[in-house]
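Hello,

Here is the structure I said I would pass on. My notes on it follow below.

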Amino acid sequence: MKYPRCPSCNGIFTYIEGFKMVNPWKVKCPHCGILLETTLLVKIFGVLAPFLGLAVAGVAIYFEEIGRWQTINSVIFLAATFSIIGIVCFACYPYMKFTKK
Ligand SMILES: [Zn+2]
């Protein structure tokens, strides 16, 4: 399986280690301890992710407020949308690149 690697020690970052990477500007290699940063695309996604979540929730709230959806419709929409986003993130993770800070 392909995993992203540390450019310094060539250690792999598993999915579990990937979940621990909260700040794309400051990632500490769990193998050698060097500070790394991710690519610009990952940083942009990190900044936009909260707004994407709000937009998805806003769609469900909007359709409930105008009376077109029941709560179950919103739950199904949110589950499907966040599942798709999660699968895309899971599929893209192996292609993440890191550079030394
Ligand atoms: Zn390393």
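Thr38 counts as buried because it has 20 C-beta neighbours inside 10 Å. The rule is that a residue is buried if 20 or more other C-beta atoms lie within 10 Å of its own, exposed if 12 or fewer, and partly exposed in between, with C-beta atoms placed from the backbone.

Two notes on the source. This is a predicted model, in which local features need pLDDT of at least 70 and side-chain atom pairs count only at pLDDT 80 or more, while totals for chains, interfaces and linings use all residues. Residues are numbered from 1 along each chain as its sequence is written.

Back to Thr38, which sits in strand 2 (residues 35-38). Setting aside neighbours within four places in sequence, Thr38 has contacts with Pro24, Val27, Lys43, Met96 and Phe98; a contact means that the two C-beta atoms, placed from the backbone, lie within 7 Å. Lys97 is 59 residues away from Thr38 along the chain, yet their C-alpha atoms are 6.0 Å apart.

As for the whole protein, it has three helices and three strands, in the order α-β-β-α-α-β along the sequence. Helices (H or I, at least four residues) and strands (E, at least two) are DSSP runs, numbered from the N terminus.

Buried residues account for 8% of the 101 residues. The C-alpha trace spans about 55 × 25 × 15 Å along its principal axes. Of the contacts between residues at least 6 apart in sequence, 47% join residues at least 24 apart.

Regards
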